[in-house]
Amino acid sequence: MEIREFQRLVIDKAKKAGFDDCEIYYQGGDSFQVLVNGGEIEHYETSSSSGASFRGIINDKVGFAYTERLDENAADFIIKAAAENAAIAEDDEECILFGGGEYEDLPLYNDRLAAAGTEEKINKITVAEKAALDYSDSVRAADRCIYADEDSQVSIMNTKGLDAGFKSNSMAAFVSVIAEKDGDIKTGGDFFAGNDFDKFDAVKLGEDSASEAVNMLGAESVKSGVYDVIIKNTAMSSIFSTFSGSFTGEQAYKGLSMLEGKEGQKIAADCVTIRDDGLLEGGYSTMPFDGEGVPCKNKEVMKDGVLKTLLYDLKYAAKKGIESTGNGFRSGYRSPIACSYTNFYICPSKTSLEELAEHVGCGIYITNVEGLHAGANPVSGDFSLSAEGFLIENGRITSPVEQITVASNFFRLLENIAEVGSDLRFSMDGAGSPAVYVKNVSISGL
C-alpha cells in the first residue's frame, strides 16, 4: 500500500475507533555498506527497513503503537494496540499535534549519489585505502576502510491538517590506519560525510587518515601543568556533542542541565556564538521539519557568549509557554519524541589554525580525546579525558604529544575560550566546531 494511502486509512479508522486526534509517522529507506581490506571486499551489505508509528488521544489518554507493515490489517492492529496502551497508561503524557506550516524547499536528495553504482562505490573506498597505504613507508595497514550510504523517506500526517514529507540521501566513508616505526605503533583515521558523491575525494581521505597516524610517531608526554591549548575542530566537535543535551529544554525541565533558567545570561566568552541550523546547505542533519512536523530553522542559540534560547520540541515549549524551535526528533519510527539538535555548531571566525598557534605562543594543540562516554558528566560538565596532540612552541605546532589527560569543565571551557578558528567541521552526528584556543587548561602528564 502506498504510504500516504496507508496514513489516510489509519486516520480514518482511528476516528471511527474513538480517537479525538491522532498522527501517523512513516520512516523508511535503503542502505548500503562495504568494508574493504587489502583491495578486497571483506564485508558487503544492503538492507531495507521501513515502518510507521501511530499516536493518538482517546479518553484523555495517549496511546502509541507501531508496525512494519503497511496494509489494512496493520492499520487495524496499531489502532487497537494504541487504544489498549492508552487504557493502561498511568501518567498524563501530553500529545501535542502540530497543524502544519511553511517548509523550505531543500536539496536533500542528490541524484548523482543515487546514480552511483556499486562498483563505483567500491572503487572509491579501495582508492582511499591505497592512498593511505602509499602515504608513507611507516603505514603498516589500513585496518578499517568503510563506505556506506542510505536513501530515506519521511512522511507525517495528522488530524490537525499536517501532511508533509521529504526524501533524502547521504553517504559516509571512513579510513583507519596503523603506522609503526622502531616499535612505536600509532593509529589514526578520518572520515568524509555528505550527500555529494563528486565531493568525496578518496585520495585525500586516505592521505589525511594516514597522516593522522604517521604524524604521531615518536610522541612523548609533557610535564603536568596548566597550559593554554588549541583544541582541534574534530576533538572540539566531539566534546560539544557530548554536552549538547544541556542546551535542550527537555533536560532543563528535568533539572539535568546547568543552563536551566540561564536564557538571556552571559555564559561564555564574547567570541562564542552558537547556531542550530536545520536549513544549512549541505548539512548532515538538514531537513525541512522535525519529527513533529514543525519547520526547522536557522537560529542563534548563543550570541557573543549570551544564551539566547534552548532547543524545544512542542511538549517542552508548551511547558515554557513559548513556541517550539523545531527540535523535536525521533531516532526512528519506533521511538518517542525527544529534544535534540540539527546542525549545531560553534560559529567560525576568519582566524586560521596557524594564526591561533601564533597567538598561543607556547602550549598544546589537542588533536584527539578519548573516554567521553566514561570520563565526562553531561550534567555537571566535568570531564577528564585521555588526549594526544602536539606541542606549540614559539607560535608553531611542532612535536607530537601523547599520554596526557585533559581535565576541565565544559561550561568553564566556554568561558575561557580566547579565540575561535576558521576551520569549522562537523561530526557525523551534526555537532560542529572550528578549532578553539582555550586558556588555562589542566594537563596531567609526567
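Predicted model: local features only at pLDDT ≥ 70, side-chain atom pairs only at ≥ 80, totals over all residues.
Residues are numbered from 1 along each chain as its sequence is written, and side-chain values use heavy atoms, with hydrogens and water left out.

**Stop 1: the largest pocket**

Select Q27, E150, S152, Y284 and M287: of the 49 residues that line the largest pocket, these are the closest to its centre. A pocket here is an open set of points on a 1 Å grid over the protein atoms alone, where a 1.4 Å probe fits, with protein on both sides within 12 Å along at least five of seven lines; lining residues have an atom within 4 Å of a point. The space inside comes to about 1,200 Å³, a volume being the space filled by probe spheres set on the points, which are joined across faces, edges and corners.

Now colour β1 (21–37), β2 (40–58), β4 (139–158) and β5 (163–181), the elements that give two or more residues to this lining. Helices (H or I, at least four residues) and strands (E, at least two) are DSSP runs, numbered from the N terminus. β1 gives the most to the lining, with six residues. Colour by residue type and the lining splits into 17 nonpolar, 25 polar and seven charged. Ala, Val, Leu, Ile, Met, Phe, Trp, Tyr, Cys and Pro count as nonpolar, Asp, Glu, Lys and Arg as charged, and the others, Gly among them, as polar.

**Stop 2: along the strands**

Stay with β4 and follow it into β5: the two pair in the antiparallel sense over 16 bridges. Two strands pair if DSSP finds at least two bridges between them. They form a hairpin with four residues between them, and G161 in the turn has a positive phi of about 105°.

Next, pick A179 in β5. V139 stands opposite A179, and A179 also stands opposite K186 in β6. β5 and β6 run antiparallel, joined by 11 bridges. Their hairpin has two residues between the strands, with D182 in the turn at a positive phi of about 55°.

**Stop 3: the second largest pocket**

β5 and β6 (184–194) lead you here, as both are among the elements that each supply at least two residues of this lining. Select G189, E212, T234, T367 and N368, which lie nearest the centre among 30 lining residues. About 880 Å³ of space lies inside. Which element gives the most to this lining? Show α6, with six residues. The lining divides into eight nonpolar, 14 polar and eight charged residues.
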